[in-house]
Amino acid sequence: MSIMIETWNDRYGDEVIALWNESASQDGYKEMTAESFRATILNNPYFQAESAFVLLEAGRAIGFACGCTGDDLPLGHAAGYIACVVVAAGHQSDDNYGKLLGALENRFRRLGKTQADFWFFNPIRLPWYVPDTPGHEHNNAPGVPVGSRLHRYLLERGYAQRVQQYAMYLPLQGFSVPQDIEDKAAKAEADGYEIALYEPDRHTGVEDMLDALGNPLWRKEIAGCTADGVPVVIAAKDGKAAGFAGPVVREPSGRGYFAGIGVHPEHEGHGLGSVLFFRLCEAFRDIGTEYMSLFTGEGNFAYRIYEKAGFRTVRTFAVMRKGL
């Protein structure tokens, strides 16, 4: 039976959602409704119908792939980002995966991109369930689930695994700050540091701190939070920002949203990172947040901080790239 591939058309919506709920859910992704599919993918400002493909057998959808591009994205001048490649059970052959990936790669080449990436910089965020929890979910997949059928195929197709991302999880009921962290906080205070929620009339230098940290996502998000009055835990010396953790946002799912922790290079060595993160967990607990989830790269110093706070690794994702 002949298999065809076409670019996105809304008439495929119901079949692709059914495909997603049958197949992507097997890799732990959250099921989609027509409303959530539109909100997550079709209404995303980076979605283009020309960068989404449906694999058809006898006119029925058996595969779906979606990517996106944007010169304003991190590495956007070079990278095309792949959000998902999903193939129905019983049709997961190398040939079918290859048709969908090939269509995305060719689209990226036509747009002048030189690499195809599975990476957390992808603005199309796909939620997934934390295993062995009562439906707790994380809001973004930072790569390809390690050990999945797609992961194995990508390695065969020439995608390099650049790094692994560890997804970590902590229920917050009963969370408390241990004494050694309280001792670090007291020492930091004795060294002239204040750790508190950001207040615009008392704290300055947030944008200078973010520039020094050099993370474009933090630069956009944390600066936006402090400007808009969204709570962020900061460390400050003489009123000037020296580090941050946050923001303090409880999502509708009950999850504590987490962008990251960072300490200005000039203020390292005072234990600020640990104290900031524990104060963030404390702030989430105090507003009734049920749990936190986050991901961190292998070798990231912050892994030890998360582990000390009680987080455990629940899934592993691969950041992958292929040159075009």
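I started with lysine 113, which counts as buried because its relative accessibility is 8%; buried means under 20% relative accessible area, exposed over 50%, partly exposed in between, with a 1.4 Å probe and protein chains only. Before going on, I noted that this is a predicted model, where local features need pLDDT of at least 70 and side-chain atom pairs count only at pLDDT 80 or more, while totals for chains, interfaces and linings use all residues. I also noted that residues are numbered from 1 along each chain as its sequence is written, and that side-chain values use heavy atoms, with hydrogens and water left out.

Where does lysine 113 sit? I found it in the loop between helix H3 (94-110) and strand S5 (115-118). Helices (H or I, at least four residues) and strands (E, at least two) are DSSP runs, numbered from the N terminus.

The side chains of lysine 113 and aspartate 71 make a polar contact of 2.9 Å. For that term I use a pair of N or O atoms within 3.5 Å; within protein, one must be able to donate a hydrogen and the other to accept it, and residues adjacent in sequence count only if both atoms are side-chain atoms. A polar atom of the lysine 113 side chain also lies 2.7 Å from the backbone oxygen of glycine 76.

Then I went to the rings. Rings of Phe, Tyr and Trp (its six-membered ring) pair if their centres lie within 6.5 Å; planes under 30 degrees apart count as stacked, over 60 as edge-to-face and the rest as tilted. How many aromatic pairs does this rule give? I got 20.

Tyrosine 97 and tyrosine 153 are a stacked pair, because their ring centres are 5.7 Å apart and their planes are at 25 degrees. Tyrosine 97 is in helix H3 and tyrosine 153 in helix H4 (residues 149-157), 56 residues apart, so I wrote this down as a link between distant parts of the chain. Both tyrosine 97 and tyrosine 153 are buried.

Phenylalanine 175 and phenylalanine 278 have ring centres 6.0 Å apart and planes at 35 degrees, so I logged that pair as tilted. Phenylalanine 175 is in the loop between strand S9 (160-171) and helix H5 (179-190), and phenylalanine 278 is in helix H8 (residues 272-286), 103 residues away. Phenylalanine 175 is buried at 7% relative accessible area, and phenylalanine 278 is buried at 1%.

Last entry: ring pairs join Trp119, Phe120, Phe121 and Phe295 into a cluster.
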